[in-house]
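My entries follow the order in which I looked.

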Amino acid sequence: GDGGLRWMFIHIANLCGANKMSLDAREDYGRNALEGILDSARNPVNGSRWWADAENPYQCLATCFEISDALDSGNPATYSSSIPIHQDGSCN
C-alpha cells in the first residue's frame, strides 16, 4: 500500500540497530542508505556488503531484496511484499 515502502525503510533501520530513533528518523535512515541497500540486493556477495554490518544481517539482506523489488516494480505503492515488519508492542 501507500505506506509500505516507508515501513520497509523503518524496518531496515531497526535491523541495523537504529530502533531508538523516531519513526521519521528511521525512515530517513533507510532512505539515506538506499545506495547500500540497492548494492546489497544486486550484488550481495561481491558488492559493498552493506547488509553484513547489520545487527540482523540476513533479515537485512532479505529486506534489501524486497526494497529493490518494490522500487523496480515501477509503483512501490502497488507492490505486494511478504516481509514481516516488526512492531514494538511493549507499551501495550
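This is a predicted model: local features need pLDDT of at least 70, side-chain atom pairs count only at pLDDT 80 or more; totals for chains, interfaces and linings use all residues.

I took helices (H or I, at least four residues) and strands (E, at least two) as DSSP runs, numbered from the N terminus. Residues are numbered from 1 along each chain as its sequence is written, and side-chain values use heavy atoms, without hydrogens and water.

Fold. I found four helices and zero strands in the chain. Buried residues (under 20% relative accessible area, with exposed over 50% and partly exposed in between; 1.4 Å probe, protein chains only) make up 35% of the 92 residues.

Helix α1. I noted that α1 is largely enclosed by the rest of the structure, because nine of its 12 residues are buried. Among them are Leu5, Met8, Phe9 and His11. I saw the buried residues of α1 pack against α2 (23-32), α3 (34-42) and α4. After α1 comes Gly17, with a positive phi near 90°.

Residue Ile85. I located Ile85 in the segment after α4 (57-72). Its relative accessible area is 26%, so I list Ile85 as partly exposed. I then asked which residues Ile85 contacts, leaving aside its neighbours within four places in sequence. With contact meaning heavy atoms within 4.5 Å, they are Trp7, Met8 and His11. Ile85 and Met8 are 77 residues apart in sequence, yet their C-alpha atoms are 7.1 Å apart in space.
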